[in-house]
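This report goes through one protein model part by part. Please keep the sequence and the 3D view open while reading.

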Amino acid sequence: MNPPASAVSTATDGTIVVHSYLRPGEERTLAEDVLDGLTKPFKELPPKHFYDTRGAELFDQICELPEYYPTRAERSILVLHAAQIAHATGAGEIVELGSGTAEKTRVLLSALAAAGTLRRYVPVDVTEAMVRRCADELTADFGGLHVHGIVGDFERHLSHVPRADDEPRIVAFLGGTIGNFTPGARRRFLRQVARLLRPGVDHLLLGTDLVKDPAVLEAAYDDAAGVTAEFNRNVLRVINRELGADFEPEAFEHVAFFDREREWIEMRLRASRRMHVSIPELGLEVDFAAREELRTEISAKFTPQRLRDDLAAAGLELTQILTDPAGQFALSLSTPTG
Ligand code: SAH
Ligand code: AVI
């Protein structure tokens with residue numbers, strides 16, 4: 001295991017430890033991803049680069065939008081079933097991938113606290129400010145809770161998740177973020193996640209958005225207030241700031257549509273006219289034709305069968321699938337087949 005790039009204990013009583021694995025200059029592999037993605041025949045960028053501090057704020061605003069139902073739907077499942085999840089898992093620890101503000105996770109932490117098993121929370125996120133903020137807030141709100149925060153990329157740094165102790169663990173991957181992987185990468189990733197779990201002891205708690213009316217899906221990714229459009233353009237601002245590029249974010253239109261064949265939402269940025277962009281840090285010059293599109297995110301939607309098949313391909317057996325009353329979103333529990 002490589003040592004962390006920086007290890008900072010922020011609490012003198014040892015309740016909080018935050019390790020960062022994102023070295024300056026190597027942050028989030030932005031340079032490699034931009035070089036790779038913008039020189040492809042169909043330009044694309046991975047969605048993890050949306051989430052600088054501004055991107056994280058915009059995502060929070062998205063979660064409050066009337067059109068964006070996934071956060072409310074997943075929260076309602078947790079509110080209804082957290083006590084039962086606590087009972088079924090007996091978990092003493094939650095490792096959360098892409099933890100963000102951990103707002104919904106509080107519902108589960110409360111249920112584990114009420115069951116008397118809660119001991120440790122391990123948030124893993126690329127946005128350092130989020131990891132530190134939720135470590136401070138959660139230790140203040142849950143007496144005796146230990147937080148071991150990991151500032152890192154869940155695709156590259158899962159080996160730094162601390163070993164599980166004697167009590168059962170839940171690895172939580174909420175919000176439908178699993179849908180932001182392409183299907184092959186999704187199964188590879190789930191296989192890596194399964195390695196964090198002990199058969200018959202630990203569980204994966206996975207949030208997946210469900211296939212539904214395309215009009216409902218498209219509205220959720222193209223809201224009337226234009227917040228998702230700003231979130232989408234934010235990736236260009238990140239590239240301008242980090243790599244000295246001269247993208248004009250406002251000259252790109254937000255595009256979001258449901259691909260009915262693949263059953264995923266695709267977000268793109270469309271150049272409103274011909275454009276030439278310089279990215280000095282990479283020595284890269286990029287041309288956009290008028291109306292050329294850059295893919296920035298896919299957000300796959302699931303059927304119970306797709307979920308079961310993906311989990312099975314990763315060596316995980318579905319033990320429970322819970323949905324909200326309107327059937328919009330699913331939370332599932334699974335455990336390694338051994
Ligand atoms: N789990 C929260 C947040 C979802 S938003 C919820 O359900 O509301 C996605 C989160 O994953 C963001 O906080 C983002 O910073 C984080 N993220 C995205 N890609 C990541 C990666 N490759 N590694 C670690 N965190 C990532
Ligand atoms: C984080 N992820 C699950 C969100 C989603 O719905 O795919 C990101 C997002 N993109 C646009 N709106 C929200």
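Asp 52 is found in the loop between α1 and α2. Helices (H or I, at least four residues) and strands (E, at least two) are DSSP runs, numbered from the N terminus. The model is a predicted one, in which local features need pLDDT of at least 70, side-chain atom pairs count only at pLDDT 80 or more, and totals for chains, interfaces and linings use all residues. Residues are numbered from 1 along each chain as its sequence is written, chains are lettered from A and ligands numbered from 1 in the order in which they are written, and side-chain values use heavy atoms, with hydrogens and water left out.

Asp 52 is buried, at a relative accessible area of 8%. Buried means under 20% relative accessible area, exposed over 50%, and partly exposed in between (1.4 Å probe, protein chains only). The side chain of Asp 52 has a polar atom 2.8 Å from the backbone nitrogen of Gly 55. The side chains of Asp 52 and Arg 241 are joined by a polar contact of 2.9 Å. A polar contact is a pair of N or O atoms within 3.5 Å; within protein, one must be able to donate a hydrogen and the other to accept it, and residues adjacent in sequence count only if both atoms are side-chain atoms. Asp 52 and Val 238 are 186 residues apart in sequence, yet their C-alpha atoms are 7.2 Å apart in space.

## The nonpolar cores

A nonpolar core is a set of buried Ala, Val, Leu, Ile, Met, Phe, Trp, Tyr and Cys residues joined through side-chain atoms within 4.5 Å. The largest one has 37 residues, and those that touch the most other members are Val 34, Leu 38, Ile 239, Phe 247, Phe 252, Ile 279 and Phe 288. Elements that each supply at least two residues of this core include the helices α1 (30–38) and α2 (53–64) and the strands β8 (252–259) and β9 (264–271). The largest share, 7 residues, comes from α8.

Which residues does Phe 252 touch, not counting residues up to four places away in sequence? They are Arg 233, Leu 236, Phe 247, Leu 269, Arg 270, Ala 271, Met 275 and Phe 288. Contact here means heavy atoms within 4.5 Å. A second, separate core has 36 residues, among them Leu 22, Ala 73, Leu 205 and Leu 322.

## The shell around ligand 1

Ligand 1 is surrounded by 17 residues, and the closest are Gly 98, Lys 104, Asp 125, Asp 153 and Phe 154. A residue is near a molecule or strand if one of its heavy atoms lies within 4 Å of it. By class, this shell has 5 nonpolar, 7 polar and 5 charged residues. Ala, Val, Leu, Ile, Met, Phe, Trp, Tyr, Cys and Pro count as nonpolar, Asp, Glu, Lys and Arg as charged, and the others, Gly among them, as polar.

The side chain of Lys 104 has an N or O atom 2.7 Å from an oxygen atom of ligand 1. Thr 127 has a polar side-chain atom 3.4 Å from an oxygen atom of the ligand, and for Gly 175 a backbone N or O atom lies 3.4 Å from an oxygen atom of ligand 1. On its own, ligand 1 has 570 Å² of accessible area, and the protein covers 93% of it. Accessible areas come from the Shrake-Rupley method with a 1.4 Å probe; for residues, only the protein chains shown count as cover.

## The shell around ligand 2

Around ligand 2 there are 14 residues, of which Tyr 68, Asn 180, Tyr 221, Glu 297 and Ser 299 come nearest. The shell has 7 nonpolar, 6 polar and 1 charged residues. At least two of its residues come from each of α2, α8 and β12 (293–300).

A polar side-chain atom of Glu 297 lies 2.6 Å from a nitrogen atom of ligand 2. The side chain of Ser 299 has an N or O atom 2.7 Å from an oxygen atom of the ligand, and for the side chain of Asn 180 the distance to an oxygen atom of ligand 2 is 3.0 Å. Taken alone, ligand 2 exposes 340 Å², and the protein buries 97% of that.

## Other residues

Leu 112 is found in helix α4 (residues 105–115) and is buried, with a relative accessible area of 0%. Leaving aside neighbours within four places in sequence, Leu 112 is in contact with Ala 86, Ala 91, Ile 94, Thr 117 and Leu 118.

Ala 102, in the loop between β3 (93–97) and α4, has a phi near 60 degrees, a positive value in a residue other than glycine. Glu 263 lies in the loop between β8 and β9 and has a positive phi of about 55 degrees, although it is not a glycine.
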